Amino acid sequence: MRRVLRSIGRATAAAVRLVRTAAGDDAYERYLTHRAVTHAHTGPALSRRAFYEERERAKWSGVTRCC
Amino acid sequence: MTKIGGVILAVAAAVALAGMALHRHEPINALWIVTAAVCVYALGYRFYGAWVAARVLAVDPSRATPAERYDNGRDFVPTHRWIAFGHHFAAIAGPGPLVGPTLAAQFGYLPGTLWILAGAVFGGCVQDMTILLLSTRRDGRSLGQMARDELGPLGGFAALIGTLLIMILLIAVLGLVVVNAMKHSPWSTATIFATVPVALLVGVHLRRLRPGRILEASGIGVALVLLAVLGGGWIDHHEALRRLFDWPSLPLAGFVIGYGWIAAILPVWLLLAPRDYLSTFLKLGTVALLAIAIVLLHPQIKMPALTSFTDGHGPIFGGKIFPFLFITIACGAVSGFHALVASGTTPKLIASESDVRLIGYGSMMLESFVAVMAMIAATLLDPGVFFAINTGAGVVGSAPAAAVHTISSWGFPVTVQQMQALAHQMGETTLFARTGGAPSLAVGMASIFGSTFGRGLLGLWYHFAIMFEAVFILSTLDAGTRVGRFMLQDLRGHVYAPLGRTSWYPSVLISSALVVGGWGYFLYVGVIDPNGGVNILWPLFGIANQMLAAIALSVATGILVKSGRARYAWVTLLPLAWLAIVTTDAAWQKVASADPRIGLIAAAHALAQHLAAGALPAQAAAVAPQLIFNQRLDAWLTAVFTAVLWLVILDMARVCVRKLRGLPVPASSEAPYRRARLQPIALAGNFPEEGST
């Protein structure tokens, strides 16, 4: 019983992670991880707000929606 | 194993297609269409798509993509192919595949469905995948840049002009669809108005309160717009309040135009971005729900396979099945607009070249399936009801008794009582002459959802469907106006430098006003047109969209020939030839046909004669000069589209001939090869929540 519950819990957590990734909800966490892993950056990391604002600006300066 | 699977699929597709085509005089079940579609897509993806990717495009998984080479964790991010698929599908799927098939259902369910399937598998999917790969190999350059680099300045300029014009026509026709859905419908109007403050609230939440919490903010927003549907119903039952939201189409068009201008000059985060999150979640949710409901309910298709309107006297739009079916259904079969999304945003997410088949070919298949579902939703209605909703008052008269008489005389019986009962069920005062496709789609969707998930809630489902269409039509309207503005600023920057600065506020105000004025004009004329306006604007938009597809396919063909793969160039050349033929033929008829139901000049001439003879009622005479001017303008516009189309094709042919003769051609703009080192990406990474990093 406990094993079933645990696997349901794991599946739910995986589903939540998937939805977060698909929606771009974890983009900032990804960005921080990327910086930590690659070390190829200069200057301090963007704040969550600055990161989100820049992402939005980049997204809406081209054709991103269609008929 | 895959061979056996392929044979089974082929047999299933053949049986389903034959079933669809041979059930001529009895209603068929929608499941035949769904089965045929799914089998055709599976075959197309597994065999043709795979072959094009491997042989024609020479997809090379060992080659590093721009996402890997420029990986900055921000806009260039190697992304799991299913996540990139989701983003790309959300970007290409708009209201187009819902409206086109609904209008084209006047020919019967069969021609439109066959074109949606064949057009997607051999045209649209190939175009999307090819442009996606070519742009990925060129650091994510846009279609216009690729046209300029690979063909020359002429191609680049044509792509820019084409994109600007298509944007203006698209927004005008979509605005018209929304206006026609809100016309004298307090419930729809109140609900759609309410989505604006909801979007603002979500925007403030995302920017100020909890930056970047997209799921949380969108969850709140979706709940609120669902409440807005309920609230609209409550207002509709409230005698005094409902009068506040009961408007004719002209002031509603004014509202849409004003909204478009304000939305384009407000910062992105306040209205556009949050509305887009809402519309994306609603879109994906509704498409999934519709697919489930169609399979569960498996309704009967009541429209005949072919109607007599294939000969050209159709009431929704004039013109024979060839070529007009092929420009009416653009999105869902081949849509040039997709080439703009496939070059630019999506290539920055591609982790490996081997993903382009799923993301490019696969997303277009799903979009095509949305078009098939729209066709099912339109054709499961009683044909009489379908024509009563979609035919303008200019064709059947504004009196219900006259309209049902005319429509019944076409062989599609319908009664005033039937229409009244239906309107009452849907919570509307009337459903006559609600042109534009949205109301009839909403009636179709409401019948599917209502029968599957609860019959008593038809009015709620109807207005949910209207709200769903309006939310993403309005977000296309915001985003399109903004893109048009950027392009206009880019063009005018050559004249006076400050005008080209995208953030200089006077330039923002003026450019936005020019773009809004452009589509606002067409929207205004569409609203005053007694035939509903969609019958003129939609073919024009279709011609423009197919012209853009032809430009994209020309660029692709030119690059294939230049890179020494001329023997495979037929893969893009055949759809290009088909589009060039249908678009040119349709454009020719729109300009030169002597039948005023088709030819724009003939229509202007006929109206001018009626006006001069004093044969028009006062109301029609008042707007006639504007309609005459507009029909002439539209004829010129059509001629311009055709000229641009052939300029690009000839430019491409010039480059190809030079290449084949060994003469110098513009150098390839492909980025140099670098070996991919990227590890496979997890579908969903385990990233710690805020605070722990």
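These legends walk through several close-up views of a predicted model.

Local features are described where pLDDT is at least 70 and side-chain atom pairs count only at pLDDT 80 or more, while totals for chains, interfaces and linings use all residues. Residues are numbered from 1 along each chain as its sequence is written, chains are lettered from A, and ligands are numbered from 1, in the order in which they are written.

**View 1. Chain B is divided into two domains that touch each other.**
Domain 1 of chain B covers 2–152 + 159–184 + 247–558, and domain 2 covers 582–665; such bounds come from an automatic or database domain assignment. Taken over C-alpha atoms, the centres of the two domains are 23 Å apart. Here 27 residues of domain 1 of chain B are in contact with 27 residues of domain 2 of chain B. Two residues are in contact if their C-beta atoms, placed from the backbone, lie within 7 Å. On the domain 1 side, the elements that give two or more residues are α8 (153–182), α14 (321–328), α24 (505–528) and α25 (534–562) of chain B. Helices (H or I, at least four residues) and strands (E, at least two) are DSSP runs, numbered from the N terminus. The most comes from α25(B), with 12 residues. By class, the domain 1 side that touches domain 2 of chain B has 17 nonpolar residues, nine polar and one charged. Ala, Val, Leu, Ile, Met, Phe, Trp, Tyr, Cys and Pro count as nonpolar, Asp, Glu, Lys and Arg as charged, and the others, Gly among them, as polar.

**View 2. Chain A meets chain B.**
Look for 35 residues from chain A and 43 residues from chain B in this contact. The elements giving two or more residues to the chain A side are α1 (2–23), α2 (27–38) and α3 (48–59) of chain A. That side of chain A divides into 14 nonpolar, seven polar and 14 charged residues.

**View 3. Two helices of chain B, α7 and α25, pack at an angle.**
Helix α7 (residues 143–150) of chain B and α25(B) have axes 10 Å apart and an angle of about 40 degrees between them. Axes are lines fitted to C-alpha atoms, for helices over the stretch in contact, and angles run from 0 to 180 degrees between N-to-C directions. This angle makes α7(B) oblique to α25(B): angles under 35 degrees count as roughly parallel, over 145 as roughly antiparallel, 65 to 115 as roughly perpendicular and the rest as oblique. From α7(B), the residues L143(B), M146(B), A147(B) and E150(B) meet I551(B), A552(B), V555(B), G558(B), I559(B) and K562(B) in α25(B). Seven nonpolar, one polar and two charged residues make up this contact.

**View 4. Helix α14 of chain B is largely enclosed by the rest of the structure.**
How many of the eight residues of α14(B) are buried? Seven of them are, so this helix is largely enclosed. A residue is buried if 20 or more other C-beta atoms lie within 10 Å of its own, exposed if 12 or fewer, and partly exposed in between, with C-beta atoms placed from the backbone. The buried residues are I321(B), P323(B), F324(B), L325(B), F326(B), I327(B) and T328(B). Their cover includes α5 (96–104), α6, α25 and α26 (570–592) of chain B. While you are here, find P323(B) in this helix: a cis peptide bond joins F322(B) and P323(B), with omega about 5 degrees.

**View 5. D139(B) and H298(B) have positive phi values.**
Neither residue is glycine. Phi of D139(B) is near 60 degrees, and D139(B) lies in the loop between α6 (109–136) and α7 of chain B. Because D139(B) has 17 C-beta neighbours inside 10 Å, D139(B) counts as partly exposed. For H298(B), phi is near 25 degrees, and this residue sits in the loop between α13 (272–297) and β2 of chain B. H298(B) is also partly exposed, with 13 other C-beta atoms within 10 Å.

**View 6. K302(B) and S185(B) are found in loops.**
K302(B) is in the loop between β2 (300–301) and α14 of chain B. With 17 C-beta neighbours inside 10 Å, K302(B) counts as partly exposed. Leaving out residues up to four places away in sequence, K302(B) touches P27(B), T379(B), L380(B), L381(B), D382(B) and P383(B). S185(B) is in the loop between α8 and α9 (186–209) of chain B. Is S185(B) buried or exposed? S185(B) is buried, with 31 other C-beta atoms within 10 Å.
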